[in-house]
Amino acid sequence: MSLSRIFRRAFSTSVESDFTPTLKSISRDLYRERSLKQLVQKFKKSSEIKLFRAKTNIYRDTVHRLASAKCFNLIEEILEHQKKYEDISKEGFSARLISLYGRSDMFEHAQKVFDEMHDRKPARTVLSLNALLGAALNSKKFDLVGGLFKELPKKLSIEPDLISYNTVIKAFCEMGSFDLAISMLDEMEKKGVEPDLITFNTLLHGLYGKGQFLHGEKIWDRMKKKNVILDDRSYNAKLLGLALEKKTKEAVELVEEMKSKEVEPSLFSFTAVIKGFVNEGNWEEAKLWYNKIGQSNLAPDRVIFNILIPFFCAKGEVDLAFELCKEILKRKFLVDVSLLQLVVDGLVKESKMEEAKKLVELGKFNKYARYSLKLPSDE
């Protein structure tokens with residue numbers, strides 16, 4: 001169906017239920033458009049339809065597509081065009097534009113939309129405040145988040161809510177300002193804002209993941225005292241911390257605790273334990289836990305192969321590394337050629353020429369990605 005025909009149907013006087021397939025058709029047409037410039041023109045034309053402007057997911061997906069192509073000028077063209085519609089006087093619509101700019105790493109534009117709200121008179125509440133804080137966070141302007149949080153609520157008489165605090169805590173963790181992040185918990189309690197699982201998990205991942213193990217343990221204990229029900233993200237954060245601290249025995253016990261609490265270990269859980277055994281130099285246990293992934297009906301990812309293959313090669317377990325390389329090719333993972341070349345070199349060093357040649361051939365004739373591997377004798 002042509003776009004002009006879609007618009008004729010969209011602007012007809014049919015009942016509201018008739019709009020549903022029409023909007024689906026417009027969305028499908030935008031999705032299939034390969035020319036980004038044409039996509040922008042069609043999107044702007046579609047924006048004339050009031051119901052289209054209510055479709056948050058279409059806005060999000062289109063802007064994400066343009067951001068992935070680094071077409072920031074086209075993002076600006078689309079979003080600035082939205083200001084001509086009456087919807088811009090509604091806080092929710094403006095907050096959406098702020099968020100979209102933030103997700104596109106265009107914080108200055110997000111800030112401009114927020115500031116312009118003063119002149120258009122849509123009341124700025126905690127909704128738009130959170131949109132601006134989120135835009136700064138997503139744009140990796142972590143240092144600005146704390147400043148905005150300190151300045152704007154007082155200036156605009158806005159009371160921050162749970163989302164506000166969680167965003168600020170995330171920003172402080174990203175900056176490595178862990179004392180400030182933890183201090184937010186005390187401030188929340190003073191303001192009568194109850195931390196939730198997201199609050200604590202954000203702190204756990206920030207602390208355990210950045211080597212702040214003791215601080216992580218304090219937050220862990222605080223969660224238990226508050227009877228916060230731990231989920232897989234909570235456990236995974238601590239598993240990573242234990243792996244970094246080379247406390248893999250405790251990590252194994254924690255996995256058993258997860259099971260006893262009916263929290264299903266994820267691939268991240270197994271990866272953390274494997275990383276722990278790699279850090280301790282225990283290749284046998286690392287291999288054992290790799291095998292447990294398949295036993296748990298999970299599938300390994302590239303991260304695990306990138307951890308295990310160099311480790312097995314360093315330990316002289318090139319046969320194991322060779323098997324993992326075959327698994328990579330079987331699962332059609334894209335990895336750096338140097339990872340596979342490391343195994344080829346290791347096999348040759350161990351005089352396993354047949355296996356080395358086999359891997360070179362597998363890389364050469366692999367259909368989804370050709371790996372140009374060489375035997376040392378070929379160089």
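Let me start with helix α11, where the buried residues are Ser-164, Tyr-165, Asn-166, Thr-167, Val-168, Ile-169, Ala-171, Phe-172 and Cys-173. Buried means under 20% relative accessible area, exposed means over 50%, and partly exposed is in between, with a 1.4 Å probe and protein chains only. Helices here are DSSP runs of H or I with at least four residues, strands are runs of E with at least two, and both are numbered from the N terminus.

Before going on, the background. This is a predicted model, in which local features need pLDDT of at least 70 and side-chain atom pairs count only at pLDDT 80 or more, while totals for chains, interfaces and linings use all residues. Residues are numbered from 1 along each chain as its sequence is written, and side-chain values use heavy atoms, with hydrogens and water left out.

Back to α11. The helix has 14 residues and spans 20 Å from its first C-alpha to its last, close to the 20 Å expected at 1.5 Å a residue. The expected span is 1.5 Å times one less than the number of residues. At the start of α11, a side-chain oxygen of Asp-161 comes within 3.1 Å of the backbone nitrogen of Ile-163. After the helix comes Gly-176, with a positive phi near 85°.

Ser-164 sits in α11, which covers residues 162-175. Ser-164 counts as buried because its relative accessibility is 0%. Leaving out residues up to four places away in sequence, Ser-164 touches Val-126, Leu-129, Asn-130, Leu-133 and Phe-149.

Next, the pockets. Rolling a probe the size of a water molecule over the atoms shows where empty space is left. The search uses a 1 Å grid over the protein atoms alone: a cavity is a set of points where a 1.4 Å probe fits but cannot get out, and a pocket is an open set with protein on both sides within 12 Å along at least five of seven lines. Lining residues have an atom within 4 Å of a point. Grid points are joined across faces, edges and corners, and a volume is the space filled by probe spheres set on the points.

The largest pocket holds about 340 Å³. It is lined by 15 residues, and those nearest its centre are Ala-95, Ser-99, Arg-103, Ala-131 and Asn-138. Which helix gives the most to this lining of the largest pocket? That is α9, with 7 residues. The lining of the largest pocket consists of 7 nonpolar, 5 polar and 3 charged residues. For these classes, Ala, Val, Leu, Ile, Met, Phe, Trp, Tyr, Cys and Pro are nonpolar, Asp, Glu, Lys and Arg are charged, and the others, Gly among them, are polar.

The second largest pocket has a volume of about 230 Å³. Of its 14 lining residues, Phe-149, Lys-150, Pro-153, Lys-154 and Glu-187 are closest to the centre. Two or more residues of this lining come from each of α10 (142-156), α11 and α12 (178-191). The largest share is from α10, with 5 residues. By class, the lining of the second largest pocket has 8 nonpolar, 1 polar and 5 charged residues.

Now α12. Phe-178 is in this helix. Phe-178 counts as buried because its relative accessibility is 10%. Neighbours within four places aside, Phe-178 is in contact with Cys-173, Gly-206, Leu-207, Lys-210 and Gln-212.

Further along, Tyr-235 lies in helix α15, residues 232-244. At 2% relative accessibility, Tyr-235 counts as buried. The side chain of Tyr-235 makes a polar contact of 3.1 Å with the side chain of Glu-257. A polar contact is a pair of N or O atoms within 3.5 Å; within protein, one must be able to donate a hydrogen and the other to accept it, and residues adjacent in sequence count only if both atoms are side-chain atoms.

Last, two loop residues. Most residues other than glycine have a negative phi. Glu-262, in the loop between α16 (248-260) and α17 (267-280), has a positive phi near 60°. Glu-262 is exposed, at 76% relative accessible area. Asn-297, in the loop between α18 (283-295) and α19 (302-314), also has a positive phi near 60°. Asn-297 is exposed, at 73% relative accessibility.

Note on methods: Contact means heavy atoms within 4.5 Å.
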